[in-house]
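Dear colleague,

Please find below the structure that I am handing over to you, together with its sequence. My findings are set out after it.

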Amino acid sequence: MEVLKHVNPALAELVPYEPGRPIEEVAREMGLNPDEIIKLASNESALGPSPKAVRAMKQAISEMHLYPDGGSYELRSRLADLYDVTREQVITGNGSNELLEFIGHCFMRPGKSVVASQYSFVVYKLMAKMFGADFIEVPAKSGLRHDLTAMAKAIRPDTSVVFVTNPNNPTGTLATQREIDRFMAKVPEDVLVVFDEAYAEIAMGGMPDTAKFVKAGRACIVLRTFSKAYGLAGLRIGYGFGPQPLIESLQKPRQPFNTNRLAQIAACAALEDTNFVSKCRNIYRKGKKQVEAYCEEKGLEYVPAHANFILIKTGEGRALSAKLQAKGVIVRPMDGYGLAEWIRVTFGTLEQNQKFCEVLTSLI
Ligand SMILES: *Cc1c(COP(=O)(O)O)cnc(C)c1O
């Protein structure tokens, strides 16, 4: 179409993010009953949404003719209390992915560069490209872990942002407090460090304290979400906290009603649902043991999990994912990340994990 000549050239070569496939879509395509399909592809909650959030949403339904509070006053206040910062230091987003976009609006453009690790969340690269910034991908070290020393060294005079995903998606690796402290000692004060901590509440193995850098006034932001531990991925609600002047800048590209009314209400209730989060954490611990033991038994290489998913080396990840899907198990192929031999599998209930193992056994 003629009109496409006006499209922003930064978008022309952009390959859209490939999400995990919805159950309904796979059911339609494969002629399967949706109830027989298990989705272990998007790191969603194994135990559904937080029950406290569900109760609060049911009560709030009749208020949905009203716009949300554009400033998310209640939710930001509660988050500020939780992290011992001020409300002005907290920003909410339509998923923490939206905050990644605000970071792009504020800090990425031609002439700037962005640093992230190889095998980290692909959205950073998409944002850098979309805003015309250079993307510097730092090779991972052994075990597919972030090489934070090399990442600090890769920072150039034109670098505006460096992303640290912890635990990392899709590898499931965890950077230690020591690694992060050393890294922060080397990063220049004028580079924004984004700690993307989508799995913090369920991290296994000692989640490093990064809030201390916020409190020390360092140029950094901690991003978290209600999509994973709280089981509210469908609502799209996430948040970040950092030094106030930084948060004020990030508020500028935000649409007034970016987070919806139901999401704000559910998120406030979910924060109180510590019981639910610990139940989930428990089930992910068991899932880790179960699936890692299975991999050991079958001689499959895997990356030890630190969140609610695991990366397994099966060979031919895309072809295998298609076969698993035909048998009603949706997992995520990893070729888009340069990990064509691997699949990423979210921990579900113990029964779902068991089904995944059985179906995989029948295919390899
Ligand atoms: C899931 C995830 C997010 C956030 O997702 P939202 O649903 O947009 O809050 C962010 N970063 C990583 C690394 C993730 O895995």
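This is a predicted model: local features need pLDDT of at least 70, side-chain atom pairs count only at pLDDT 80 or more; totals for chains, interfaces and linings use all residues.

Helix 3 spans residues 51-60 and helix 11 spans residues 261-271; the two pack at an angle of about 145°, and their axes lie 8 Å apart. Their crossing is right-handed. Helix 3 contributes K52, A53, A56, M57 and A60 to the contact, while helix 11 contributes L262, I265, A266, A269 and A270. Of these residues, nine are nonpolar, none is polar and one is charged.

The next contact joins helix 5 (residues 96-107) to helix 10 (residues 244-251), with an angle of about 95° and axes 9 Å apart. Helix 5 is therefore roughly perpendicular to helix 10. On the side of helix 5, the contact is made by F102, I103, C106 and F107; on the side of helix 10, by L246, S249 and L250. This contact comprises six nonpolar residues, one polar residue and no charged residues.

As to the cysteines, the structure contains zero disulfides. For C106, the closest cysteine sulfur is that of C220, at 15 Å, which is too far for a bond. C106 counts as partly exposed, because its relative accessibility is 22%. For C357, the closest cysteine sulfur belongs to C295; at 7.1 Å, it is too far for a bond. With a relative accessibility of 5%, C357 counts as buried. The cut-off applied to a disulfide is a pair of cysteine sulfur atoms within 2.5 Å.

Yours sincerely

Conventions
Residues are numbered from 1 along each chain as its sequence is written. Side-chain values use heavy atoms; hydrogens and water are left out. Axes are lines fitted to C-alpha atoms, for helices over the stretch in contact, and angles run from 0 to 180 degrees between N-to-C directions. Helices (H or I, at least four residues) and strands (E, at least two) are DSSP runs, numbered from the N terminus. A crossing is left-handed if the near helix is turned anticlockwise from the far one by less than a right angle, and right-handed if clockwise. Contact means heavy atoms within 4.5 Å. Ala, Val, Leu, Ile, Met, Phe, Trp, Tyr, Cys and Pro count as nonpolar, Asp, Glu, Lys and Arg as charged, and the others, Gly among them, as polar. Angles under 35 degrees count as roughly parallel, over 145 as roughly antiparallel, 65 to 115 as roughly perpendicular and the rest as oblique. Buried means under 20% relative accessible area, exposed over 50%, partly exposed in between (1.4 Å probe, protein chains only).
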